[in-house]
Amino acid sequence: MVVNSSDRVEPAPGGRELETQEFVVNMGPQHPSTHGVCRLILTMDGEVLKKVVPDIGFLHRSIEKIAENRTYHQFMVYTDRIDYVSSMNANHAWCVAVEKLAGIEVPERAEYLRVIMAELNRIASHLVFLASFSIDLGAVTPFLYAFRERERIVDLFEMTCGQRLTYNYMRIGGVSRDVPKDFVSETKKFCSYLYPRVDEYEAILTENPIFLGRTKGIGILDLPTAINYSVSGPPLRGSGLKWDIRKDEPYSAYDVFDFDIPTGENGDTWDRYKVRIEEMRQSARIIEQALEGLPEGEIKAKVPARFRPPKGEVFARIEAPRGEMAYFIVSDGSTKPYRVKIRTASFCNLQALPVMAKDLKIADLVAIFGSLDIILPEVDR
Amino acid sequence: MTAEELTSKIKATFAEKVEELPAVTGIPAFRVKAEHLEEICTTLVSDPELKFDNLSCLGGIDYPETNEIGVVYCLFSFAKRHHLNLRVMMPRENPEVISVSEFWVAANWFERETAELFGIKFKDHPDPRPLLLIEEWDEGYPMRRDWEGKDFIRMPEVGQEK
Amino acid sequence: MFELEGIFNAVGNFLASFLGSPLLQIVSIIAVAGVVIGFLMVLALFLVWWERKLSADFQVRIGPMRTGPHGVLQTIADALKLLQKEDIVPLTADKKVFFWAPVVCFVTCFLAYICIPFGKGLIARDLNIGILYIVAITTFTVISLLMAGWASNNKYSLLGGMRSAAQIVSYEVPLSLSLLGTVMLAQSLSMVTIVQGQGGSFLHWYIWRQPLGFLLYVTAATAEVNRTPFDIPEAEQELVAGYNIEYSGMKFAMFFLAEFINMFTVCAIAATLFLGGWNPPFEFLSFIPSWVWFLGKSLFLVFILMWFRWTFPRLRVDHLMAFAWKFLLPLAFLNIIVTGFLIYLFE
Amino acid sequence: MRAARQVWSGVYNLILGLLTVFKHLGHKAITLQYPDERMPMFERSRGVVVLLSDPETGKLNCTACMACARICPVYAIDLERSEEPDPETKKRYPVKFEIDNTTCAFCGLCEEACNFDAIKLTGKYEFSVYDQKTLLYDRDFLQELGRDVPYEKRKKPVPKAKAAPKADPTSPKPEEPGSPKPEAKPEESPKESPGEDKPEA
């Protein structure tokens with residue numbers, strides 16, 4: 001059923017070939033499917049993409065410069081704004097990096113709470129992916145279903161830390177507040193509620209022939225290319241590498257939990273989608289285990305307000321929903337970091353877009369862009 | 001390879017071309033001269049024991065006190081599962097270093113970002129356009145420590161370290 | 001009692017009593033056109049509201065609630081808002097074509113209603129080439145879309161216009177072929193004759209003898225009126241809004257309403273040809289007026305189209321063409337051959 | 001045969017999708033009619049910042065210790081302390097306390113840093129205005145906002161567990177040559193504030 005885009009009708013003998021002309025289309029900065037302010041400069045031959053050049057920087061806030069001007073505690077607030085769809089993970093990455101730098105021991109309960117929050121946020125983030133991906137492909141209804149479930153997660157967050165988007169929940173050395181009384185039971189309820197909902201999305205999308213036609217074999221990213229482009233997270237796993245920092249370089253309390261790393265086979269759009277769907281189930285599993293084994297005790301190590309880590313450098317990375325999120329911090333021993341380099345997953349993943357989209361249709365570009373799950377503030381920082 | 005093995009291996013391979021730095025929380029760190037970078041990267045990528053196939057992160061760093069500016073390369077190997085931290089230090093006037101995007105394509109954007117924010121020139125870069133800043137930006141290199149822009153306000157120190 | 005045929009006949013007789021024959025012709029034509037257009041406008045407004053409400057229900061939302069009870073007046077409010085909006089014409093647009101595109105689109109969508117039987121005797125003109133006429137006239141929409149896409153001088157709208165041209169031309173073929181089976185059964189192109197052929201119980205409806213034809217028609221018709229999963233000409237995520245990207249105000253409203261009227265048109269044709277038109281499913285239900293049956297069946301099909309829209313993702317443009325030429329077309333031919341063979345066998 | 005199976009699987013999954021969506025018809029909506037219905041806010045919700053006052057005396061709890069202004073990552077708090085303590089409460093009080101809501105990030109760090117139950121983020125979130133200037137809330141307005149906000153007074157065990165790390169924000173104060181007075185405050189704070197609160201409770 002697939003028509004090869006390179007099929008060309010040969011002119012009749014003696015006839016002359018119709019002249020065609022390539023043209024340039026600006027997709028964005030304001031476009032329904034660029035998920036923020038990203039501009040893609042497309043060179044097209046009819047419907048076929050000849051060249052894709054992403055143009056970023058519309059949301060550049062120079063967070064790295066801001067970091068040099070804030071204390072370690074204060075910068076926690078800014079990490080929320082790097083990746084606003086999974087702030088908990090961004091917080092977590094900062095905490096892990098700073099704690100590694102200063103050698104702070106985090107109480108076990110705090111580690112468990114962090115894992116629960118990070119995984120809840122991972123589910124929420126993947127739900128946002130599912131919502132925007134389905135809407136990119138023209139199926140509007142799963143959008144609302146995914147946001148319905150996300151709403152419950154966000155309620156759990158608000159119950160705990162008071163905010164619905166920029167949580168600012170974690171603190172260097174622990175978490176800001178203990179969870180409220182009914183958090184554990186509510187979260188358990190949510191986990192058991194989530195599994196059938198994920199099945200529901202799969203019923204609408206996964207095997208739908210139209211969906212398959214739009215995603216199977218589209219935007220293939222083979223593994224060597226993915227590694228060379230530093231692609232990480234679900235796109236990397238979709239390309240077939242069984243790699244997850246939570247498992248391979250465990251941080252926080254991830255080494256005690258039992259979960260699988262879903263991988264894809266072909267590295268196409270469908271695989272990336274499927275990996276994320278599967279990750280939602282695995283995250284729910286982790287949360288259930290963490291709630292089961294949630295220890296009592298302190299939630300925060302003693303960290304002074306004028307926290308001065310020792311002079312030194314640190315490179316720490318975690319597995320955020322979009323992939324590897326890393327902080328490279330240089331400390332000069334004062335209350336403010338000397339230099340912070342933030343390595344975000346979207347930045348590297350977006351770079352691989354032109355390779356994946358080459359010689360495909362404009363509709364495929366939308367699908368691939370959606371499947372990379374880019375968050376533009378994370379790209380521009 | 002463990003960090004110690006990697007350190008000794010690198011020292012053995014490159015001898016005086018590398019200068020060992022204090023480890024970055026467990027990750028071996030080395031200082032490299034700009035002119036040796038290409039050779040070292042070639043070996044790092046191709047050596048069957050090193051096989052650094054992934055550039056995890058690349059960023060600039062600026063030390064106005066010592067008049068040095070540098071590029072930090074955070075390398076990782078999926079094949080061997082080990083990390084390496086390399087850095088190239090240059091004088092702050094006209095810093096120039098070879099682009100590593102021929103070894104790791106991911107370096108392309110990282111280098112573009114570093115080039116415009118730190119003013120480090122990357123030789124033989126395949127696409128040397130500005131990435132994040134506007135095209136007509138002419139206010140210097142904002143990520144340098146001593147940069148002063150017309151809209152840049154250092155935040156007041158409220159009751160701190162007076 | 002509620003049959004409208006009598007009312008219209010009475011009005012006609014009343015007019016005839018003091019108007020001359022040629023004048024009566026003109027007046028009655030205008031009156032009929034007025035009634036049909038008025039009805040369709042109300043219907044289109046209703047359909048817009050219904051689509052919004054239905055999609056909200058599918059998506060566990062509420063939908064419009066503020067204007068009028070359950071937001072019934074929402075579309076009227078929207079239409080009034082669009083009327084007041086500034087009419088923006090892009091500087092580089094082809095002004096004449098830009099102006100005429102929505103007009104063509106809006107007018108052609110009404111033309112099909114000349115020979116759609118709303119009820120027993122409720123038909124503007126029972127043309128003896130009814131179906132052929134409808135198939136021919138609905139294709140006119142593509143011209144307006146192409147005009148709009150071209151005249152806007154916008155790359156997205158040009159792509160949208162091109163897509164819609166390719167799509168409608170391709171789907172016209174299986175669409176017409178899928179209707180042929182019914183025509184062969186009814187031995188007539190006239191809509192009224194086709195409906196009369198399905199009288200009696202619901203077992204006489206052509207859907208039972210033309211199941212494949214019905215499915216083919218519904219599929220092709222969905223594509224014909226640019227609705228999801230075949231809405232690639234206006235694919236929001238790819239082409240922003242496709243051919244109507246540069247239109248605002250009332251011109252946009254004309255495209256918008258025409259889209260909904262077109263949707264009702266194809267559903268009305270399907271109801272007429274396959275679901276027995278105005279015929280009730282059982283004889284004893286014939287006390288319910290025929291136009292209620294017709295409207296009910298059409299709206300049921302409209303519901304199915306809306307259901308499709310809020311469930312399925314969108315096809316890609318080449319899949320869409322391949323689907324028409326490689327899947328629907330052979331099946332439509334197969335349908336015709338089998339139908340012909342069976343007719344030969346049984347009659 | 002494979003094609004037939006493919007077609008069948010396609011049709012089956014299309015119908016499956018249709019039925020899944022159809023099941024949602026007639027369910028209760030998850031959305032609310034916003035201005036008419038409102039979601040109940042959680043007790044911890046972080047919205048507009050208010051200043052809390054002593055329900056008995058009606059005076060602000062704030063002692064202008066600067067802990068909040070110092071921790072604020074966006075420097076939204078403009079705070080000036082009085083020269084002389086209040087004759088009634090024997091405490092210093094803020095002469096000027098302005099919060100710039102245009103920059104406030106609602107991060108809640110100020111609430112955590114405060115040892116006197118003086119500042120709190122409330123569940124109020126409707127504060128849109130037409131003029132940006134009116135978003136600069138001054139002391140009296142913040143006090144007015146905080147009048148009806150219930151808050152739990154810090155009881156003795158709480159400062160031990162929770163304020164232990166927080167005791168530090170005040171401890172660096174001795175380093176400050178500019179304000180010698182607050183030296184006494186950190187010591188007073190955990191003791192004094194519950195002491196004040198007891199009679200009221």
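# A walk through a predicted four-chain model

Chain B and chain C do not touch, and their nearest C-alpha atoms lie 25 Å apart, where two residues are said to be in contact if their C-beta atoms, placed from the backbone, lie within 7 Å. This is a predicted model, in which local features need pLDDT of at least 70 and side-chain atom pairs count only at pLDDT 80 or more, while totals for chains, interfaces and linings use all residues. Residues are numbered from 1 along each chain as its sequence is written, and chains are lettered from A and ligands numbered from 1 in the order in which they are written.

Among the 5 pairs of chains in contact, chains A and C share the most contacts. On this interface, 30 residues of chain A meet 26 residues of chain C. The side of chain A that touches chain C draws at least two residues from each of β1 (23–27), α4 (108–136), α5 (141–161), α7 (209–215) and α14 (362–372) of chain A; helices (H or I, at least four residues) and strands (E, at least two) are DSSP runs, numbered from the N terminus. The residues on that side of chain A divide into 17 nonpolar, 7 polar and 6 charged, with Ala, Val, Leu, Ile, Met, Phe, Trp, Tyr, Cys and Pro counted as nonpolar, Asp, Glu, Lys and Arg as charged, and the others, Gly among them, as polar.

As for confidence, chain A averages a pLDDT of 85, and 96% of the residues score at least 70, pLDDT being the predictor's confidence in each residue, from 0 to 100. Over residues 1–6 of chain A, however, pLDDT stays under 50, and the model has 11 contacts beyond four places in sequence for this stretch.

The largest nonpolar core has 294 residues, of which A97(A), Y327(A), C267(C), A270(C), C68(D) and C110(D) touch the most other members. Such a core is a set of buried Ala, Val, Leu, Ile, Met, Phe, Trp, Tyr and Cys residues joined through C-beta atoms within 7 Å, and a residue is buried if 20 or more other C-beta atoms lie within 10 Å of its own, exposed if 12 or fewer, and partly exposed in between, with C-beta atoms placed from the backbone. Helix α12 (residues 249–274) of chain C gives the largest share of this core, 18 residues. If neighbours within four places in sequence are set aside, A97(A) is in contact with V314(A), A316(A), Y327(A) and I329(A).

In α5(C), the buried residues are G130(C), I131(C), I134(C) and T138(C). They span an arc of only 95° around the axis, and therefore lie on the same side of α5(C); the arc is that of the directions from the helix axis to the C-beta atoms.

In chain B, strand β4 (residues 68–76) has 8 of its 9 residues buried, so the strand is largely enclosed by the rest of the structure. Strand β3 (residues 54–63) of chain B pairs with β4(B) in the antiparallel sense over 9 bridges, where two strands pair if DSSP finds at least two bridges between them. Within this pairing, L58(B) has Y73(B) in β4(B) as its bridge partner. With strand β5 (residues 83–91) of chain B, β4(B) likewise pairs in the antiparallel sense over 9 bridges, and V88(B) in β5(B) is the bridge partner of V71(B).

Both pairings of β4(B) are hairpins. The hairpin of β3(B) and β4(B) has 4 residues between the strands, and N67(B) takes a positive phi near 55° there, although N67(B) is not a glycine. N67(B) is exposed, with 10 other C-beta atoms within 10 Å. The hairpin of β4(B) and β5(B) has 6 residues between the strands, and R81(B) in its turn has a positive phi of about 60°.

S230(A) sits in the loop between α8 (223–228) and α9 (234–238) of chain A, and is buried, with 29 other C-beta atoms within 10 Å.
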